Amino acid sequence: MEFHSGIRIRCLAAAAPIVLSGGNHIRIRVLGLSLLLLPWLASGKTLMEFDSVSNSQIRHAITLMNNFAVRTGLDSDQPVRRYLWTDAFAVCNYLGLAHSTGDRRFRNLALRLVDQVHHNLGRHRQDDPRHGWISGLAEGEGEAHPTRGGLRIGKPLTERGARDPFDERLEWDRDGQYFHYLTKWMHALDQLSRATGESRYNLWARELAATAHDAFVEPPASGQPTRMYWKMSIDLSHPLVSSMGQHDPLDGYITALQLQTTAARLQASSSAPDLTESIHQYETMANQTRWASPDPLGIGGLLIDAYRATQLKRLGAPTDAQLVAKLLGAALAGLRYYVANGEMQAPAEYRLAFRELGLAIGLEATERLSQEVGQKSTTEEQEVRHELKALSHYFPLGRQIREFWLDPAHRQAQTWSEHQDINEVMLATSLVLDGFLELRMME
């Protein structure tokens, strides 16, 4: 069977019938797109409607991710160009496309991308006099533990030397390690473990988490609270930017919880790092930090974290009962300010797509959360429902952002082309969200 979109679906004559809400029976079993299609069928919608909405998003995401693979040397002879934040989202996108379409090529691209990241960003730069794994491990040991030394950002310029003066503008283009990039890669590796059932990716994520905690968490001075560095040197020997990222402790807390939860479900090796103490330290730091932010990417991160925390609680993770409501409340405060500030009315030349798309992804996560939150009368549930009701007024904003950047005319702006890889990959994430948002185990 083939829809007019060109996506082929195999049908088995002996499959059990599916009953549509209108009483019609179809005797097919859908392979590859089953989880995507069957809820649509059960809702009573037509195949044409499914094709015009979901399939068009999948086709667009496939185009974006195929172009990314060619442009960055993942699936071409072009020079390999890796950037950790973008690649973390790309791994999740390929996993989502593999799940949605049943095409193993996308899973293979995810695996190839992980290998390229580790062999590029896990090793010293070509213009660095140092060679080999940045962990200092021998070749064979580094292959077995590629994240043990952390992973470079992938910036175009080498890191600032010990005697170089600090230049804020140049620092944005200089290499090093960012904590919030490392946590995104931990999430990508963990999603790969969940998708494949192979525990080694979760092991690599936990080894990266242990390394990041030891390097980025600043030993507290007497009587002072524990803090984190924002940017570290490539070898993690010294900080390059000493200030703390606003959401870094929160990001560390939820990500470490996720890694521990996955490891327990996979019954992974007990020889891997135990992140319990890290989780406690991150939670303490996070509770001492204000979370509300006017930055759309930061707001989206809070909303995504709320959805992750809800899933983790359902999976048995020991989360704070008030956590989800606090995350939603902080995001709402920032969102109100952001919308009132009028940035959304500016032309494309004055907007950063990837930051807005982070908000769009977060709003979609919150819309999913609103559809599954329970109707219990506990205080915690009531607070979550209260915040979700206020946030629901902003759900259309996520779709507006996505549609704005899907318009080819807006993608002619210099602000789009200057950040093409990260913009296109995060646009693809907004189209096929499951690979990034859903913490599901292999079926």
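Helix 7 (residues 179-196) packs against helix 8 (residues 199-216) with the two axes 7 Å apart and at an angle of about 160°. Because the angle is over 145 degrees, helix 7 is roughly antiparallel to helix 8. The model is a predicted one, and its chain contains 18 helices and seven strands. Of the 443 residues, 54% count as buried.

**Confidence and overall contacts**

- The average pLDDT of the chain is 87, and 86% of the residues score at least 70.
- Residues 1-51 have a pLDDT below 50, and this stretch has 80 contacts in the model beyond near neighbours in sequence.
- Among contacts between residues at least 6 apart in sequence, 68% join residues that are at least 24 apart.

**Helix 7 with helix 8**

- The crossing of helix 7 and helix 8 is left-handed.
- On the helix 7 side, the contact is made by Phe179, Leu182, Trp185, Met186, Leu189, Asp190, Leu192, Ser193 and Thr196.
- On the helix 8 side, the residues are Ser199, Arg200, Tyr201, Asn202, Trp204, Ala205, Leu208, Ala209, Ala212 and Phe216.
- By class, the residues of this contact of helix 7 with helix 8 are 13 nonpolar, four polar and two charged.

**Helix 11 with helix 12**

- Helix 11 (residues 296-314) and helix 12 (residues 323-341) have axes 9 Å apart and pack at an angle of about 160°.
- With an angle over 145 degrees, helix 11 and helix 12 are therefore roughly antiparallel to each other.
- Helix 11 passes helix 12 in a left-handed crossing.
- Helix 11 contributes Pro296, Ile299, Leu302, Leu303, Asp305, Ala306, Ala309 and Thr310 to the contact.
- Helix 12 contributes Leu323, Val324, Leu327, Leu328, Ala330, Ala331, Gly334, Leu335 and Tyr338.
- The contact of helix 11 with helix 12 has 14 nonpolar residues, two polar residues and one charged residue.

**Helix 13 with helix 15**

- The axes of helix 13 (residues 353-372) and helix 15 (residues 395-406) cross at roughly 140° and come within 8 Å.
- That angle makes helix 13 oblique to helix 15.
- The crossing of helix 13 and helix 15 is left-handed.
- From helix 13, the residues in the contact are Ala353, Glu356, Leu357, Leu359, Ala360, Leu363, Thr366, Glu367 and Ser370.
- From helix 15, they are Phe395, Leu397, Gly398, Arg399, Ile401, Arg402 and Trp405.
- The residues of the contact of helix 13 with helix 15 divide into nine nonpolar, three polar and four charged.

**Two residues of helix 9**

- Proline 249 lies in helix 9 (residues 248-266), and its relative accessibility of 1% makes proline 249 buried.
- Leaving aside neighbours within four places in sequence, proline 249 is in contact with Met228, Met244, Tyr282, Met285 and Ala286.
- Proline 249 and histidine 213 are 36 residues apart along the chain, and their C-alpha atoms are separated by 9.9 Å.
- Leucine 266 is also placed in helix 9, and with a relative accessible area of 19% leucine 266 is buried, the cut-off being under 20%.
- With neighbours within four places in sequence set aside, the contacts of leucine 266 are Ser193, Gly197, Ser199, Asn202 and Met441.
- Ser193 of helix 7 and both Ser199 and Asn202 of helix 8 also take part in the contact between those two helices.
- Leucine 266 and methionine 441 are 175 residues apart in sequence and 9.0 Å apart in space, C-alpha to C-alpha.

**Glutamine 116**

- Glutamine 116 is in helix 4 (residues 104-120) and counts as buried at 12% relative accessibility.
- Not counting residues up to four places away in sequence, glutamine 116 touches Gly73, Leu74, Val80, Arg82 and Leu121.

**Leucine 236**

- Leucine 236 is found in the loop between strand 6 (231-232) and strand 7 (239-241).
- The relative accessibility of leucine 236 is 15%, so leucine 236 counts as buried.
- Phi of leucine 236 is near 65°, a positive value in a residue other than glycine.
- Most residues other than glycine have a negative phi.

Conventions: Residues numbered from 1 in each chain as written. Predicted model: local features only at pLDDT ≥ 70, side-chain atom pairs only at ≥ 80, totals over all residues. Heavy atoms only, no water. pLDDT = per-residue confidence, 0-100. Contact = heavy atoms within 4.5 Å. Helix = DSSP H or I, 4+ residues; strand = E, 2+ residues; numbered from the N terminus. Buried < 20%, exposed > 50% of the residue type's maximum accessible area, 1.4 Å probe, protein only. Axes fitted to C-alpha atoms, helices over the stretch in contact; angles between N-to-C directions. Parallel < 35°, antiparallel > 145°, perpendicular 65-115°, else oblique. Left-handed = near helix turned anticlockwise from the far one by under 90°. Nonpolar A, V, L, I, M, F, W, Y, C, P; charged D, E, K, R; others polar.
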